Amino acid sequence: MNTAIFITQIVIAVFAFWAVIIIVMKYRPEKAVIKAYERVDGRLRVAKKGFFNYEKTNQFLLSHGASYHYGEKMTPLKFIFVKIAAAIVFFAIGTCWHIFVSVALMVLGYNLPSWVLIYEDKQDNKRMLPQIQGLYHILQEQIRAGVYVTDALSECYRGIESGRLKKGLEYLSGELLLQKPFVESMEKFQSKFNNPALESLCIILIQAQESGQSMELLADMSSQIRDMQAALLIQKKEKLIRVETLCLMGIFAAVLAVILYACIGTMMSSALLS
């Protein structure tokens, strides 16, 4: 009897498996999902107002290096899906305590992907500072040697270490080699970063292309970047000093706690013996 039931279950499982395979092969549900995704993406692209602004989100992702950190496939729609998923997960975690905690964690989860991207962008800007200094130096030398601004920009990426800045310069070089409009190419390059030094560089180079005067402006910006590097180095030293101070305070607190524990234990032992 048990054997017959077991065989029946196997037969039902096999038929169910093949039924699922046939349905998937015939109706292609993944195509329906892709079409639905494309439909939603298309509607959001034309929507200029509302809770989800496609263009604003796309510019945020572009300027904060989302494509560099998470790949070219990170679209605004996928990013908003990630934010919603994070909000749901944090809300579910918050239900272990209280509804107000759930709501607070939901808000935190929804904004967390944006905060992470902002933090990574700030770290990128700190790492790029020496590279931007080198870029200014390369452009100064090239322009001083009589090389045109466009030609100097087309080749300057070769002297930059691999990273987000080099990737952006490679894109700019491709745009210039294709003889795209200079101002448009510089604006596209600038939109890939949220960096005041690079924004100033783009403005200087656009002015240099129009007026031919760029050496003094480049020298001034190079000096300002050196000052920024010095200030950043001071901040790092101050941070190390704070960490060292906190570590020493933690060690002192731990030693003091051990001494107090030993003293209290000795006093209690003496009281019990007496």
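Predicted model: local features only at pLDDT ≥ 70, side-chain atom pairs only at ≥ 80, totals over all residues.
Residues are numbered from 1 along each chain as its sequence is written, and side-chain values use heavy atoms, with hydrogens and water left out.

What is a pocket here? On a 1 Å grid over the protein atoms alone, it is an open set of points where a 1.4 Å probe fits, with protein on both sides within 12 Å along at least five of seven lines; lining residues have an atom within 4 Å of a point. Volume is the space filled by probe spheres set on the points, which are joined across faces, edges and corners.

The largest pocket has about 380 Å³ of space. It is lined by 20 residues, and Leu61, Leu62, Ser67, Glu72 and Lys192 are the closest to its centre. Helices α3 (54–63), α4 (66–70) and α8 (164–177) each give two or more residues to this lining, and α3 gives the most, with 5 residues. Helices are DSSP runs (H or I, at least four residues), numbered from the N terminus.

The second largest pocket holds about 270 Å³. Among its 14 lining residues, Lys56, Thr57, Phe60, Lys83 and Ser114 sit closest to the centre. Two or more residues come from each of α3, α5 (76–94) and α6 (99–144).

| Pocket | Volume | Top contributor to the lining |
|---|---|---|
| Largest | about 380 Å³ | α3, 5 residues |

The axes of α6 and α8 come within 9 Å and cross at roughly 65 degrees; axes are lines fitted to C-alpha atoms over the stretch in contact, and angles run from 0 to 180 degrees between N-to-C directions. Asp121, Asp124, Met128, Gln131, Ile132 and Leu135 of α6 are in contact with Arg164, Leu165 and Leu169 of α8, where contact means heavy atoms within 4.5 Å. These residues split into 5 nonpolar, 1 polar and 3 charged.

Last, the cysteines. There are 0 disulfides in the structure, a disulfide being a pair of cysteine sulfur atoms within 2.5 Å. Cys96 is exposed, at 61% relative accessible area, whereas Cys263 is partly exposed, at 40%. Exposed means over 50%, buried under 20%, and partly exposed in between (1.4 Å probe, protein chains only).

Technical notes:
Nonpolar A, V, L, I, M, F, W, Y, C, P; charged D, E, K, R; others polar.
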